[in-house]
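Please look over the sequence and the model before reading on. The notes cover a sheet and its neighbours, then a pair of helices.

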Amino acid sequence: MYDEHYGLTGRPFQLTPDPKFWFETATHRKAMAYLGYGLAQGEGFIVITGDIGAGKTTLVGHLMDTIDHQRLNAIRLVSTAIEADDLLRIVATELHVDPAGLTKAELLTAIERGLHAVARTGKRTLLIVDEAQALPVSALEELRMLSNFQAGGHALLQIVLLGQPEFRDRLHGSERLEQLRQRVIAIHHLDPMEQHEVSEYLAHRLTVVGWTGNPDFADDAFAAFYAGSAGVPRRLNLLAGRVMLHAAIEDLRVIDAAVVRSVQRDLEGDLPTLATDTGKGATAPVEGPVHPAQPAALAEAPRADPATEARIAALEARVELQDEALRRVLTLLVDWVESDDAKPEYAPIRGVSAWHDAA
């Protein structure tokens, strides 16, 4: 909707990672440097961690666009708590080896043959595993064993592990991962972008889809964008997309801090978890004993009879389910409005004007 209103060729703030929108913040520049160094070594593990929405998948997409595919055979896996044997079978399949009916020993032999077959074409195999924090230790150990395969003194397989911050903590704290840890040759954590990078980030993504300055952004808008997103790319995209939608509905030509903060408040109402993530609107639970200064009525409040409590609990659960359903409907409605799908034309109902998507 807003892309057509402002004459853009696409949606610049879609949440699906797209390498064409790659923007090199300082932390992503460092990550690419570590990846470049690690790939030049041709062996071992490279570990990249970052919070949810920090841009790990976009980083991998950019890496895939920039590596020399004549020299590297890149395999991408997204981990969903895959057990060790299943992980080996997936790797075998990606190497064009049929794992059906093979024992573990036969499977490892087949994978080694597959890696040698790739090497004979003049390529190294690069295995990129996303969501590595979901892998059990047994699966990580199998990856370490695969990294031992060599030909002529050179490793046949190099592995990049992408994960959330807990993976780095787990890697450093687990005695069972000591041998894998010794094989890590480069590691980097993706931090949120700095406040001064927000304006360049937004301008870059808008320019990719043909933005020529409409809508314009007041100087104070960027601080509000940073405050509402904490510099996390996915949160910033979510906020910016909703701001652009609001601006299109209101036919705004300039977006300022007041507009951004207004949309941010709406987002916090629609998606309460966003408020908690960004540090806005969240309240910490009260823990520990009641302070002596608190009213006695609070410290020793009378309790209702069990039947009444059960009824209240049932009503509260029902309200929570209704709230959750409403939030889901609102989220789906926003996604549908922002999508490129053709919208049906509606006939007037009781005096309400018909409307349709101009697309």
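The briefing below goes topic by topic.

This is a predicted model: local features need pLDDT of at least 70, side-chain atom pairs count only at pLDDT 80 or more, and totals for chains, interfaces and linings use all residues. Residues are numbered from 1 along each chain as its sequence is written, and side-chain values use heavy atoms, with hydrogens and water left out.

**The sheet**
- An open sheet is formed by 5 strands in the order β2-β3-β6-β1-β7, with parallel pairing.
- Strands (E, at least two residues) and helices (H or I, at least four) are DSSP runs, numbered from the N terminus.
- Two strands pair if DSSP finds at least two bridges between them.
- β2 (72-78) and β7 (184-190) are the edge strands, each pairing on one side only.
- From one strand to the next, the twist averages 15 degrees.
- Strands β3 (residues 124-130) and β6 (residues 157-163) run parallel and are joined by 5 bridges.
- V129 has L161 of β6 as its bridge partner.

**The helix pair**
- Helix α10 (residues 219-229) and helix α11 (residues 233-249) have axes that come within 8 Å and cross at roughly 130 degrees.
- Axes are lines fitted to C-alpha atoms, for helices over the stretch in contact, and angles run from 0 to 180 degrees between N-to-C directions.
- α10 and α11 are therefore oblique to each other; angles under 35 degrees count as roughly parallel, over 145 as roughly antiparallel, 65 to 115 as roughly perpendicular and the rest as oblique.
- A224, F225, G228 and S229 of α10 make the contact with R235, L236, L239, A240 and V243 of α11, where contact means heavy atoms within 4.5 Å.
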